[in-house]
There are 2 protein chains.
Amino acid sequence: MDGEPPLDSALWWERVRTVDDFPKPGVRFYDLLPVFADPDAFAALVSGLAELIAPLHPDLLAAPEARAFLLVGAVADRLRTGVLALRKPGKIPPPTFGEGYQLEYGQAALEAVAEPVPGRKVVILDDVLATGGTVTAAARLAERLGARIAGYAFALEIVALGGRRRLSGGPVVSLRQV
Amino acid sequence: MDGEPPLDSALWWERVRTVDDFPKPGVRFYDLLPVFADPDAFAALVSGLAELIAPLHPDLLAAPEARAFLLVGAVADRLRTGVLALRKPGKIPPPTFGEGYQLEYGQAALEAVAEPVPGRKVVILDDVLATGGTVTAAARLAERLGARIAGYAFALEIVALGGRRRLSGGPVVSLRQV
């Protein structure tokens, strides 16, 4: 915004709450809710993601339920794209398309409205890249709807879990690696 | 945005998909996902909500998981507020605050990070106002965190379900009534 001081791009990271052994022993959980609750930190995070994603020229941003929904609307609004919401099973009235996948801790699936988006360039957005299971399923689902994968974007990438290596079809960008 | 043609405020409504008997017989479900997937309709919806909410001068926008998360980030980014995310139980690492409530079809609960927001002016935002059960619980939770309720905002209000009468502490605004 005109007249506003420039935002410190590291501002959002300082507000992330790190919790060990959640949701189960051995897992380190990065809680971004305190980032969202702070107007300056939230704006810094949205700006950072919008700048990172803009060069990929997406028509649509796809995000898996639910945490990423908090980010995807704001970034899509900045970039003037649509949002392809990928929901947990049973939430969307039929007809839907679904994709099952393996999580870091358990099994899960995603569903989308069965409305094709042929040739649309989609960037998959999530808050945290861990093993990449969710995001891989999200990309498969987008492709089944006819989309082309233009890339993958994350606020935070947990490098040791190797998720980046599982993602194909476009560049993988993240604001911060841990 | 400068140079863009003005958006038709009714544009988003035309993209809502209405589904009878979902998620159970007798319930009419308003599916806003096709609105989000259309860049112009999504921008029109976000603009409409931002204009509706701005006069309430919130410090924070609170939204219940999960559909409203798609909207709240974009509107918060426009108004330069923070987002108070109200999640389903078990998603946020402890310590949390929780509130149970009765749904139109079943029981549910919301949880927030146990980080007080004393005196902050909060507008509760949801996509659809039905019986008001979710939103009443959201307001109680925000108040337990020390917030002051500055109002309630909805894309769509189902007038016959009378949700508006259950909401207290601030004005109730909606973009469209059915």
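## The sheet of chain B

Lys121(B) stands opposite Arg148(B), which belongs to β8(B). Strand β7 (residues 121-129) of chain B and strand β8 (residues 148-157) of chain B pair in the parallel sense over eight bridges; two strands are said to pair if DSSP finds at least two bridges between them. Helices (H or I, at least four residues) and strands (E, at least two) are DSSP runs, numbered from the N terminus. Strands of a sheet pair through backbone hydrogen bonds, either parallel or antiparallel.

This is a predicted model, in which local features need pLDDT of at least 70 and side-chain atom pairs count only at pLDDT 80 or more, whereas totals for chains, interfaces and linings use all residues. Residues are numbered from 1 along each chain as its sequence is written, chains are lettered from A and ligands numbered from 1 in the order in which they are written, and side-chain values use heavy atoms, with hydrogens and water left out.

The open sheet of chain B has five strands in the order β4-β3-β7-β8-β9, and the pairing is parallel. At its edges stand β4 (82-86) and β9 (172-177) of chain B, each with a single partner strand, so one side of each is left without a neighbour in the sheet. Neighbouring strands of this sheet are turned by 20° against each other on average, direction ignored. Helix α3 (residues 39-53) of chain B packs on the sheet, where it touches β3 (60-64), β7, β8 and β9 of chain B, and its direction makes about 150° with that of β9(B). Such angles run from 0 to 180 degrees between N-to-C directions, with axes taken as lines fitted to C-alpha atoms, for helices over the stretch in contact, and contact means heavy atoms within 4.5 Å.

## The sheet of chain A

In chain A, five strands form an open sheet in the order β4-β3-β7-β8-β9, with parallel pairing. The edge strands are β4 (82-86) and β9 (172-177) of chain A, each of which pairs on one side only. The twist from one strand to the next averages 20°.

Strand β3 (residues 60-64) of chain A runs parallel to β4(A) and is joined to β4(A) by five bridges, and Leu60(A) has Gly82(A) as its bridge partner in β4(A). Helix α5 (residues 133-144) of chain A lies across β3, β4, β7 (121-129) and β8 (148-157) of chain A, running at about 165° to β7(A).

## Where the two chains meet

How many residues of chain A are in contact with chain B? There are 48 residues of chain A in contact with 48 residues of chain B. The size of an interface is often given as the accessible area lost when the parts come together. Here the area buried between chain A and chain B (the accessible area, with a 1.4 Å probe, that two parts lose on being put together, summed over both) is about 3800 Å², of which carbon and sulfur atoms give 59%. In chain A, the residues that lose the most area to chain B are Asp77(A), Arg80(A) and Pro93(A), together 18% of what that side buries.

Across this interface of chain A and chain B there are six salt bridges, a salt bridge being a side-chain nitrogen of Lys or Arg within 4 Å of a carboxyl oxygen of Asp or Glu. Arg15(A) forms a salt bridge with Glu115(B), with the closest N and O atoms 3.5 Å apart. Arg78(A) forms a salt bridge with Asp77(B), where the closest N and O atoms are 2.6 Å apart. Arg78(A) lies in helix α4 of chain A and Asp77(B) in helix α4 (residues 69-79) of chain B, so the pair joins two chains.

Most residues other than glycine have a negative phi, and most peptide bonds are trans. Arg80(A), in the loop between α4 and β4 of chain A, has a positive phi near 60°. Arg80(B) also has a positive phi, of about 60°, although it is not a glycine, and Arg80(B) is found in the loop between α4 and β4 of chain B.

The peptide bond from Pro94(A) to Pro95(A) is cis, with omega near 0°, and Pro95(A) lies in the loop between β4 and β5 (96-103) of chain A. In chain B, a cis peptide bond joins Pro94(B) and Pro95(B), with omega about 0°.
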